[in-house]
Amino acid sequence: MKRIRVILIEDNPGDARLIQDMLADVKTTEFSLDWKQTLADGLKSLSENMYDAVLLDLGLPDSPQPSMTFTRVQTTAPTLPIIILTGLDDETFAVTTVRRGAQDYLIKGKINSDTLVRTIHYAVARKLGGERQFTLADLAQYDGKEDRAAYIAFRGKVYDATGSRLWKNGKHGMKHTAGMDLTEELAHAPHGEEVIGNLPIIGDLAKKVAVQLLLLRKIDSFHPHVTLNHLIIAYALTAPFTFAAWMFSGRVVFDEITLYLLVLELIAATLGFSTGLISWIVNYESNATREFNLKIALGILLFLIILATLSWRLTGPEVVLSRPGSYLYLVSLVIQFAVALLLDYYGKKIVYS
């Protein structure tokens, strides 16, 4: 029986016991679980012992910053697959850690035994097997016939069935044939997934990437969203001061500068919202977390405030430039700056938290 050594770094005894029970019930694999309650104990154990995988809770009492928790574990054990354990509130950062090198993440409260075991198996196999990509044409060459290797694809992963006793000459039970994507066949078969058992994962089945997505990736590679956010803040910060200068001096040039700044801010906000959606699609796979929803709502709110303020200035300059109206106009400009700062805050929280 295959044996997998796992270190669990988790401060909550209830969550730790739940994971222990799930792994103890597995019949096909022997899991050896080593539980540590603090980051310090976990790092010490990682440096002294051999493991196959790490289950890591980011909210540890001796490491208040989740990003540092992951970085320190990754630095101590750079060759081990790290699986993040997270709550719903931290899902955004969990996605970020996967982009930074974690193999996967699991949401507490939504973990069952099958999901946990499969995730550990996949993480270990991916770390060992690298990131080789197979197209369907590549896969077809490994059909198990005439002494060729037998590879099969299931749920986006490519497995090596060459040495399995369940797969003879590239076939299983005269029904399933190697060299193909068997996701649909196995999903409707009476025996289910057990025919792939503990087959090693040797790569991923390449996805067909739409031309539109390639274009979005190209646009995002220039990081326009960050630049536009900085421009929005610069325009929104400057506008209240230039208009206040008009209020005190009465010089028309300051009012005109404020008007131009509003136009530039509206253009930057429109482009910033668009490039933000592109970044969301490309880098976060449209994962609608709380932070993203707030950022989208604030982006729409900022656009509407700028549009309303600009429309008011263009259609009723005599009202805006009157004494009562000018104060309301100034308040509107200050509110725009505050909303722009909130947008920037949530953007940084998504990337760096």
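The legends below describe several close-up views of one predicted model.

In this predicted model, local features need pLDDT of at least 70 and side-chain atom pairs count only at pLDDT 80 or more, whereas totals for chains, interfaces and linings use all residues. Residues are numbered from 1 along each chain as its sequence is written, and side-chain values use heavy atoms, with hydrogens and water left out.

**View 1. An open sheet of four strands, in the order β6-β11-β8-β7.**
The pairing in this sheet is mixed; strands here are DSSP runs of E with at least two residues, helices are runs of H or I with at least four, and both are numbered from the N terminus. Two strands are taken to pair if DSSP finds at least two bridges between them. β6 (133-134) and β7 (151-154) stand at the edges with a single partner strand each, so one side of each is left without a neighbour in the sheet. β7 pairs with β8 (residues 157-160) in the antiparallel sense over four bridges, and the bridge partner of isoleucine 152 in β8 is tyrosine 159. In general, strands of a sheet pair through backbone hydrogen bonds, either parallel or antiparallel.

**View 2. The stacked rings of tyrosine 142 and tyrosine 151.**
The structure holds six aromatic pairs, where rings of Phe, Tyr and Trp (its six-membered ring) pair if their centres lie within 6.5 Å, and where planes under 30 degrees apart count as stacked, over 60 as edge-to-face and the rest as tilted. Tyrosine 142 and tyrosine 151 form a stacked pair, at 4.4 Å centre to centre and with 20° between the planes. Tyrosine 151 counts as buried, at 12% relative accessibility; buried means under 20% relative accessible area, exposed over 50%, and partly exposed in between (1.4 Å probe, protein chains only).

**View 3. An edge-to-face pair of tryptophan 312 and tyrosine 329.**
The centres of these two rings are 6.1 Å apart, with 70° between the planes. The pair links distant parts of the chain, since tryptophan 312 is in helix α11 (residues 290-315) and tyrosine 329 is in helix α13 (residues 323-352), 17 residues apart. Tryptophan 312 is partly exposed, with a relative accessible area of 27%, whereas tyrosine 329 is buried, at 0% relative accessibility. Phe243, Trp246, Trp312 and Tyr329 form one aromatic cluster.

**View 4. Helix α11 along its length.**
α11 has 26 residues and reaches 37 Å from its first C-alpha to its last, close to the 38 Å expected at 1.5 Å a residue, the expected span being 1.5 Å times one less than the number of residues. Among the buried residues of α11 are Glu291, Phe292, Lys295, Leu298 and Gly299, and also Ile305, Ile306 and Arg313.

**View 5. Salt bridges around lysine 108.**
A salt bridge is a side-chain nitrogen of Lys or Arg within 4 Å of a carboxyl oxygen of Asp or Glu, and by this rule the count comes to nine. Glutamate 10 forms a salt bridge with lysine 108, the closest N and O atoms being 2.8 Å apart. This pair links distant parts of the chain, with glutamate 10 in the loop between β1 (2-9) and α1 (13-24) and lysine 108 in the loop between β5 (104-107) and α5 (113-129), 98 residues apart. Lysine 108 also meets aspartate 57 in a salt bridge (3.4 Å, N to O), and here aspartate 57 lies in strand β3 (residues 53-57), 51 residues apart from lysine 108. Glutamate 10 is buried at 0% relative accessibility and aspartate 57 is buried at 8%, while lysine 108 is partly exposed at 26%. Glu10, Asp15, Asp57 and Lys108 are linked in a network of salt bridges.

**View 6. Histidine 223 in the loop between α8 (211-220) and α9 (224-249).**
Phi of histidine 223 is near 55°, a positive value in a residue other than glycine. Most residues other than glycine have a negative phi. Histidine 223 is exposed, with a relative accessible area of 52%.
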